[in-house]
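Please look through the sequence and the model before reading on. The numbered points below can be checked against them.

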Amino acid sequence: MIKVSGLTKDYGARRAIDNVSFDAQQGEIVGFLGPNGAGKTTTMRILTGYMPPTDGEAIVAGYDVVEESLEVRKRVGYLPETVPLYNDMIVFDYLKFMGELRRIPNVEDRVEEALDMVGLYDRADGYIGNLSKGMRQRVGLAQALLHRPEVLILDEPTIGLDPSQVVEVRELIKEIGKERTVLLSTHLLNEAQNICDRVLIINKGKIVAEDTTENLQARLLGAERVTLRVRGEAEDLLQTVKKVKGVQSATAREDGAVEFEYSSGRDVRPEVARQVVNAGYDLIELRPIGMSLEEIFLELTGSDAKRK
Ligand SMILES: Nc1ncnc2c1ncn2[C@@H]1O[C@H](COP(=O)(O)OP(=O)(O)O)[C@@H](O)[C@H]1O
Ligand SMILES: [Mg+2]
């Protein structure tokens, strides 16, 4: 269980996170989705007891991260952005060493258990330096699982992995997350949608949206966006597009193209094409455009404002 209220962190004059509140329950994988610099790592480091917040409160696994940080650390597994691994150590010995540092009882059994969980049992006797990036990430996960934590905090766990390793690590996290509370950060929308039950979107230190992955997807898929381009002069093109029934909004771009939106239940593209041609234009492009993460933030914050 994680419960965060009003968490704020300043680095000198710079506010890295601002009044962040959310919670996460056992058996839930919560995604922390945001671009670089959004404040994901800062929040996670506070939640693991590594660094105090400037303001606000965080309870992790039942303990306050400031007042009872030792109790928190006993119950939290942390996969940092970059895992410090020693290439010239044997996998098993490294994990045993980490376990001893943390005074874990029956450490060898626990290392075996963790290796088994992450599917690295048959690599236990090899050098860390000989492992692929995906395997090394598994060692990092094994390290985070050694003390059987009830809460797992994973900072961009698939960054730098190749596509097949990404799939493997995602599956592993889903499996591990079944009985724990998992908070995972990512800057990839599809990753959040793939792994998480619920997503918190953070931008510039503030949570701008929070929803189940399903709802988020529905909100983002609710409107289709299209670019339309004609040959030559595009005067009045915007007006022509706007007049078509079912077009929700349309804007003219500087390069002369027009972008418009329509609701996904009702495809207005054929009608738009007809009207544009009827108005005497040479239609040369009618293309759906996906949304970038930036646009998704705008869309989500914009639609929030509209609903209020
Ligand atoms: N140790 C630090 N000192 C000063 N500023 C920092 C430090 N760590 C992070 N920041 C700043 O805080 C903001 C949030 O960073 P971070 O939490 O690392 O974001 P994310 O993990 O989402 O990329 C950024 O503007 C970053 O430059
Ligand atoms: Mg980060």
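1. Asp109 counts as exposed because it has 11 C-beta neighbours inside 10 Å. A residue is exposed if 12 or fewer other C-beta atoms, placed from the backbone, lie within 10 Å of its own, buried if 20 or more do, and partly exposed in between. This is a predicted model: local features need pLDDT of at least 70, side-chain atom pairs count only at pLDDT 80 or more, and totals for chains, interfaces and linings use all residues. Residues are numbered from 1 along each chain as its sequence is written, while chains are lettered from A and ligands numbered from 1 in the order in which they are written.

2. Asp109 belongs to helix 4, residues 107-117. Helices (H or I, at least four residues) and strands (E, at least two) are DSSP runs, numbered from the N terminus.

3. The buried residues of helix 4 are Arg110, Val111, Ala114 and Leu115. They lie on the same side of helix 4, because they cover an arc of only 135 degrees around the axis; the arc is that of the directions from the helix axis to the C-beta atoms. The face turned away from this buried side carries the exposed residues Glu108, Asp109 and Asp116.

4. After helix 4 comes Gly119, with a positive phi near 70 degrees.

5. Ligand 1 is surrounded by residues including Tyr11, Arg14, Lys40 and Thr41 (C-beta, placed from the backbone, within 6 Å). Helix 1 gives the largest share of this shell, 3 residues.

6. Domain 1 (2-219) and domain 2 (222-307) divide the protein, with bounds from an automatic or database domain assignment. Their C-alpha centres lie 40 Å apart.
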